[in-house]
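Dear colleague,

I am passing a structure on to you, and below it I have set out what was found. Please read the notes with the structure open beside them.

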Amino acid sequence: MKSSLAVGCIVLGLSHSFLLGAEPVNFSREILPLLSDRCFQCHGPDETHRATELRFDERDSALAEHSGGAVIVPGDAARSELFARITSSDPDSVMPPREAHRKPFTPREIERIRTWIDEGATWGKHWAFEPPNRPDLLENGVHPIDQLVDQRLREKGLQRSQKADRETLIRRVSFDLTGLPPTVAEIDAFLADQSPDAYERVVDRLLQSPRYGERMAMWWLDLARYSDTDGFQGDATRTNWPWRDWVIESFNTGMPFDQFTIEQFAGDLLPNASPNQILATCFHRNHMTNGEGGRDPEESRIDYVIDRVNTTGIVWLGLTLGCSQCHDHKFDPISQRDYYSLFAFFDSLDEDGKAGSAAKPYLKFRSPYAERDANQAAELEKQRANRLAETRVTVLQGFDGWLADLRSRTSSGFEPWTILHANAMRTVEGTVLEQHDDGTFVASGPNPRQDDYVIAGAASLPRVTGLRLEVFPHESHSKGRYSRGETGEFILTDLKLQVRRAGAPGLKDIAIVSAIADAELDAKARQYGKVQDTLDDDPRNGWTTDPEGEAVPHKAIYALAEPLVLGDDEELVVTLLHRSTVGDANLGRFRLAVTDQPGEAVRSLEPMPLERLAALPAEAAIDDELRKELEAQFLIDQPAWREALSEWEAADRQAKAMKSASGEMNVMVMAERAEPRTTYILQRGVWDQKGEEVSRGLPAAVLPVSLSSESSRLDLARWLVADENPLTARVIVNQFWQLLFGAGLVRTPDDFGLQGLPPAHPEVLDWLALEFRDSGWDVRHVLRAIVLSETYQQSSEVSPELLERDPSNEWLARGARYRLPSWMLRDAALHAAGLLEPNVGGPPVMPYQPEGVWEEMFMGRFKYEPSQGTAQHRRTVYAFWRRAAAPTFLFDNAQRRVCESVPRLTNTPLHALTLLNDVSLLEAAREIARQAIAEQQSAEQRLVAMSRAILGRPPRAEEQAILLAKLERTLAAYRNDPKQAEVFLEFGQPELQTAENPTELAAYLVIASLLFNLDEAMTHE
């Protein structure tokens, strides 16, 4: 009785406030979300989970008579069973019931429901399904956004903050519209321009910049789940990057968004479709493709179609359509039939679920930008080839003296290989190993199906450049061949070379660059035969020989990537892995040896140059061929030559790759198959459980449209951007707002449905949606309207009181402040340093990343090589994106495996790790330091120049004092150890490594890096 009386008092008290003139209840925005959240689970659209015939998602059912009386009596809450249930204190009758695990109605929510019923229980759609309406605005010269925001702020007892200072404002809008900070010259010009339209002209300049299209493309590529690889275990490379350039060009040329949509959905179906319009359809082919063995291609094809439906739902409709894959949506008016009716639009593409080169349909397309990049790469190769030739001439001046000394030392003979004698040996599965006097290891005892042999020994050489493995037949082996297995054959799946230091806890891996053998079985990928396959960590391939061949000794030679010098307390550890799926093929007899000979000596099975030199009579002349080989061996041991050679080789590989990319590319696009497929509802969403047949159709709850039997993807696209569609314009302008404020007006951009959050400023959302539609779907028009508002231009400084009242800035009483995305930080650093390559479009590039990431993840199948020259300094939008290992400097990126529309704002420790250590950031810091030293005289002036380049403003007095003190300490440290400064500066592109005064440059580099790591440098202010 006590609890019932308490509820009654609350209701009466709130009723009194209503009688005094509270606003009428808005069903769409206030009541329907409550019913969805608390009631739809048992009384909603999904009939498989519906407890009774009562439905709160349909007006007729909710107002009808049901057992127990009228659920809702319009105009009389007291007689309505709904009101009785939500105010009941009886656990057996209260709604929602405890077992539903939904939170109970709050007193305010109860009052709004009571008021709504008493007002007549007016029904309507969810707000997002209602057409947007233009709000009433005053003709007072105040920006429409500001009028609407101010009105809501007054209701909250708040007001807008003051305008941001001009340096902050130009920096903010430059980042938002181009993804780049303003240059010092651009800041100075803006500060000097006191005309009333100075800011407006800055906005117009930015929107016309080619950098604008690149910035917008980065947003779109996340939504499009764009990548340069297929994904899944194989993660093979694809060449869809011309579509990425189409996106950039579309934004830069101002393509209306409705046309942008239509071409990406159905460019191939347009009359006389151009190659670019067909190219546009790659949008819906950017999903992952699964080429794993054993998977049914039809299951994969169904997955691809599902991905397209779900992506359409997120990007254009802001709906969680994927919830209807297995059953009717539990909250939104989207049935399973609706889902598969949309599915039918994509079900008849001419694809069969395959991946890689078989993932048809393809468009043969030649990029208009690739030849330019190929020419740049060729020019870099030429420059480095000239440097290599100059280095060769210089270094070879010492060759004759070296050769004379060498001939004297080899006059009594030369032994190219040194047998590795074991200090210790063990096996993983129990094979017994014994080493004979001639260095041969013999296996005995148990003969497990698979085993790893681990041999440790010291090398009595000043360095190690190569490893030789010899395998021997023996009469004790099966069939007198190489193993004790049934066939007598061996299969070596992998070979590891490591170093163990006495007392150290682990082993250090030593990179092997190549492997050759005197005999191997011709094999394709995932087969046994090639010795090179012992370097990739994959047990499905490896080295073996012809089982029909003669049983004679064989050898393999492994070349180290770099010469290895062992310390007195270090030893080599060689591991031979026999992990084949065939099994029963472990080596029976083998021997290991090492050499200190460099270059081609460990990449050939022929006698080494020094062997041949030692075999010559003392007075015999050295023939030209041998002399040439000795010259090569001499050169490879010279650091200057080795460095210049490595740089040229990298440029040469890049030039060849770019030339290849300038030819025709296979781009994945959409095309209809000759015979359409029949589409079925998939029971429980399972790919091979076909239910009722369905035809192409559109969700009537969003916008009812009748379609003909000839309907196509073109009809779907036109429906999405129809003027009457209530969702698309709202969803897209909400994305624009999110780009500029860090969060949308609707903070669940992928869910405008009943479970999503409502907009804090619905009138602003509707005004922008109608502006977008009525402007002819002009993206620039909407972005311009937002950034010209005073709401956008507010200072982001916040008082403790405002922070407490509105911690997430939902009411927009201040400017947006949040961490900039990592891609923007990289681009900004390169831009500030003057390093950013301005070219638009072209093949993907490889920004710096730590060594070994790809190799470790993909068992050595993929090797990452950073781009050379100016290609290294291209914008991040052009970075090669491997789905299984996205660019490592992107610590907050979308995964691009499925469509994602919510930004990943983060302050992860990887933020600091990347900004302090990524080579791109260090190169930028070095160039900014170099420019400050060259252009300014005093330390104070240099620090001001660096601060303005990085932060967009000069340091304050107290900041300047801190920077000067840090600079003096750093200079003193490097002057005390100049070699340390020289070593520090040896990174990045060789063309940028020169330094007249290394100690000075290194010290200023440290200060520039410090500035890049300030919170202000990485924050949208």
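This is a predicted model: local features need pLDDT of at least 70, side-chain atom pairs count only at pLDDT 80 or more; totals for chains, interfaces and linings use all residues.

Residues are numbered from 1 along each chain as its sequence is written, and side-chain values use heavy atoms, with hydrogens and water left out.

The axes (lines fitted to C-alpha atoms over the stretch in contact, with angles from 0 to 180 degrees between N-to-C directions) of helix α8, residues 166–178, and helix α9, residues 184–192, come within 10 Å and cross at roughly 130 degrees; α8 and α9 are therefore oblique to each other. Helices here are DSSP runs of H or I with at least four residues, numbered from the N terminus. Where they touch (contact means heavy atoms within 4.5 Å), Arg 166, Glu 167 and Ile 170 of α8 meet Glu 186, Ile 187, Phe 190 and Leu 191 of α9.

The chain is also divided into domains, with bounds from an automatic or database domain assignment, among them domain 1 (21–124) and domain 3 (211–367 + 671–725). The centres of domain 1 and domain 3, taken over C-alpha atoms, are 38 Å apart, and 9 residues of domain 1 are in contact with 6 residues of domain 3.

Definitions and conventions. Helices (H or I, at least four residues) and strands (E, at least two) are DSSP runs, numbered from the N terminus. Angles under 35 degrees count as roughly parallel, over 145 as roughly antiparallel, 65 to 115 as roughly perpendicular and the rest as oblique.
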